[in-house]
Amino acid sequence: NTSQLFSPSYDYSLQILKQLYDDKLIAISPESELDVIELDDDGKFSFDWTAVKWLLPLPSHMPASRFINQLEAKITSPSYQEKRYDDIVLLCKEVSLQECLSYLELVLAEHQLEVSPKTTTFDKITKALNNFSVAQVYHFIWRAVKDVEALHQRSAVSNKHILTTLEQHIDREIESALANHWQVTAFQRSHDSPQSVVSQVLFNTLL
């Protein structure tokens, strides 16, 4: 379904594609347009990652539908989940972080705050995810951005100061929620930031 997001963000989608391609789990389809593939002088080729078409390099006797059914049966089996438990937990944390970062960028854009999250921002959100769900972290993000926007309207401050203040607000909200045992409201997913296919497979199917 082309209307669905593959993953929470463009950069993360590209990262997944490159990993799958490097591991030879996907291949470039011969149906790709030739103008998105360029042959280099040394005989190698380069291509536009977002423009080529992809396929699963399956044996000719195996239809894609059978492969998908077998894969789904494997990843939902208790034996697989027990064996790969640590990997699944790590992937859950990674996808959850990407979902929160995507939501942060969406809310920042809605409030016309032109700042880009940094490593320190990732750390604050990761800390929040160690104690709260993605939907609850959305609540922290929304409150922090709203407060920072009010500060921005009152006085002219640099983007660096906006980001630092944003991180401080998120951190303070987390500490207060933990210390006072708050019942943190879980935000519903925005229609502008729907659940991605990767998230659906991980949380709705595998788990």
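## Cavity

A cavity is a set of points, on a 1 Å grid over the protein atoms alone, where a 1.4 Å probe fits but cannot get out. Grid points are joined across faces, edges and corners, and a volume is the space filled by probe spheres set on the points. The largest cavity holds about 40 Å³ of space. This is a predicted model: local features need pLDDT of at least 70, side-chain atom pairs count only at pLDDT 80 or more, and totals for chains, interfaces and linings use all residues. Residues are numbered from 1 along each chain as its sequence is written, and side-chain values use heavy atoms, with hydrogens and water left out.

A search of the whole structure finds 1 cavity of 30 Å³ or more. Lining residues have an atom within 4 Å of a point. For the largest cavity they are Leu5, Pro8, Glu99, Ser102, Tyr138, Arg189, Ser193, Pro194, Gln195 and Ser196. By class, 4 are nonpolar, 4 polar and 2 charged. Here Ala, Val, Leu, Ile, Met, Phe, Trp, Tyr, Cys and Pro count as nonpolar, Asp, Glu, Lys and Arg as charged, and the others, Gly among them, as polar.

## Pockets

A pocket is an open set of points with protein on both sides within 12 Å along at least five of seven lines. The largest pocket has a volume of about 2,100 Å³. Its lining has 45 residues, and Phe6, Ile16, Leu20, Val198 and Val201 lie nearest its centre. The classes split into 29 nonpolar, 9 polar and 7 charged residues. H1, H2, H4 and H8 each supply at least two lining residues. H1 gives the most, with 9. Helices (H or I, at least four residues) and strands (E, at least two) are DSSP runs, numbered from the N terminus.

The second largest pocket has a volume of about 210 Å³. Among its lining residues are Tyr10, Asp11, Tyr12, Gln98, Glu105 and Phe122. H1 and H4 are the elements that give two or more residues to this lining. It divides into 5 nonpolar, 4 polar and 2 charged residues.

## Helix H1

Helix H1 covers residues 10-22. Its 13 residues should span 18 Å at 1.5 Å a residue, and its end C-alpha atoms are 18 Å apart, which agrees. The expected span is 1.5 Å times one less than the number of residues.

Tyr12, Ser13, Leu14, Ile16 and Leu17 of H1 are buried (under 20% relative accessible area; exposed is over 50%, partly exposed in between; 1.4 Å probe, protein chains only). Their cover includes strand S4 (54-55), H4 and helix H8 (197-206). Just after H1, Lys24 takes a positive phi of about 60°.

## Nonpolar cores

A nonpolar core is a set of buried Ala, Val, Leu, Ile, Met, Phe, Trp, Tyr and Cys residues joined through side-chain atoms within 4.5 Å. The largest has 29 residues. Cys100, Ile125, Val137, Ile141, Val145 and Leu166 have the most contacts inside it. Helices H4 (85-110), H5 (119-129), H6 (134-154) and H7 (159-179) each give two or more residues to this core. Another core, of 9 residues, lies apart from it and includes Tyr12, Ile88, Val95 and Leu206.

Val137 touches Cys100, Ile125, Ala128, Leu129 and Phe132, not counting residues up to four places away in sequence. Contact means heavy atoms within 4.5 Å.

## Phe67

Phe67 is found in helix H2 (residues 64-75). Phe67 counts as partly exposed because its relative accessibility is 25%. Leaving out residues up to four places away in sequence, Phe67 touches Leu56, Leu58 and Met62. Phe67 and Val134 are 67 residues apart in sequence and 31 Å apart in space, C-alpha to C-alpha.
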